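Thanks for coming. I will take one part of this structure at a time, beginning with a single residue and its contacts.

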Amino acid sequence: MIELINKTTFTFNTEKQNHLHMSWPILKKYYINTGKEISELLQNLNNNHEFDKLLSYLHQNPKKKFIHSMTHLENKIKYYSPMKKKDLFLKFAYLDSSNNKDVIKFADNHGLPKFEKTIYNNAIFPLHKFKDEVKTANELISIYELLLKDDIKELKKIIKRKDKENKKGNISNHWWEIAKIEIEERNRSLDKKQNVIFLFLLYISKVIEKYTINKISPVFKQMKYNPNNFNKHFQVLPGWRCSSLLAALYMQFYLFITENKEISYCKFCGSPFVKDKSTRSDKKFCSNSCRVRNHQIKNSNK
Ligand SMILES: [Zn+2]
């Protein structure tokens, strides 16, 4: 067994995953608009200092595309718990981000990855950043799938590719460089299969750390007590609060890896979903609706 971290690590009980609570807002409807188009939409609204700052940001980026939603009513904002949607990281990582319709669909169902700008219920996130985030998530899950398949040949190809990207000075590969340096410092030769695995796990863990650091904090979720027998029944239940959807997604990915989960693909729509080894291993569909639709089509063909 390889020891990955020799510093003090902290773990928490994940048996009751619903304790990893957080809520994330979904505004009524998202659109892709340019900075110019959004600033025109906002022009007539009540101006104040914050709004002016947003407007000047949009004026500086007139051609840049943003995913944008706006609402004036608090009751038009829906909240949900991303940690309860156990396939969400996979959904995000396998999103076809070249298709703007799919990007909008994701936002309409799950909100934005984080808030780039949020002023008076205007949620704005640059479209190209959204696509970059999907790309990063997709790379990590693809690497993890190769690790599960024990496909060292393909992993070694990725090492070559990423090293080349590094030479171009791509900033998003910063964590790859750090992982490589740590491997070199430990004198672990990449000729050895276990060191290749080690390198990729190190890289994945660096990226997860980047997305979750300072974004997830422990909170007291609930207090239980019995007024008639206070001492015996007093209990504070744990919870975790995430301040960005990406932090929650990467936390989910972390749990996915450490709880030894696998990926299955829906027999009807092809979507990836988490295969939970402890529960039904024969699950073939990503959702109930896919199962039902598959059944209907099978019957109509008879
Ligand atoms: Zn499906």
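Setting aside neighbours within four places in sequence, Leu-249 is in contact with Pro-82, Leu-88, Phe-89 and Phe-92. Contact here means that the C-beta atoms, placed from the backbone, lie within 7 Å.

Two notes on the source. This is a predicted model, where local features need pLDDT of at least 70, side-chain atom pairs count only at pLDDT 80 or more, and totals for chains, interfaces and linings use all residues. Residues are numbered from 1 along each chain as its sequence is written.

Leu-249 also belongs to the largest nonpolar core, which has 48 residues. Such a core is a set of buried Ala, Val, Leu, Ile, Met, Phe, Trp, Tyr and Cys residues joined through C-beta atoms within 7 Å; buried means 20 or more other C-beta atoms within 10 Å of the residue's own. Ile-67, Phe-89, Phe-92, Tyr-203, Ala-248 and Leu-249 touch the most other members. Elements giving two or more residues include strand E3 (65-70), helix H3 (88-93) and helix H10 (245-258). H10 gives the most, nine residues. Helices (H or I, at least four residues) and strands (E, at least two) are DSSP runs, numbered from the N terminus.

Next, a helix pair. H1 (residues 35-43) and H2 (residues 49-60) pack at about 150°, with axes 8 Å apart. The axes are lines fitted to C-alpha atoms over the stretch in contact, and angles run from 0 to 180 degrees between N-to-C directions. H1 is therefore roughly antiparallel to H2, a word used for angles over 145 degrees. Gly-35, Ile-38, Ser-39 and Leu-42 in H1 meet Phe-51, Leu-54, Leu-55, Leu-58 and His-59 in H2.

Technical notes. A residue is buried if 20 or more other C-beta atoms lie within 10 Å of its own, exposed if 12 or fewer, and partly exposed in between; C-beta atoms are placed from the backbone. Two residues are in contact if their C-beta atoms, placed from the backbone, lie within 7 Å. Angles under 35 degrees count as roughly parallel, over 145 as roughly antiparallel, 65 to 115 as roughly perpendicular and the rest as oblique.
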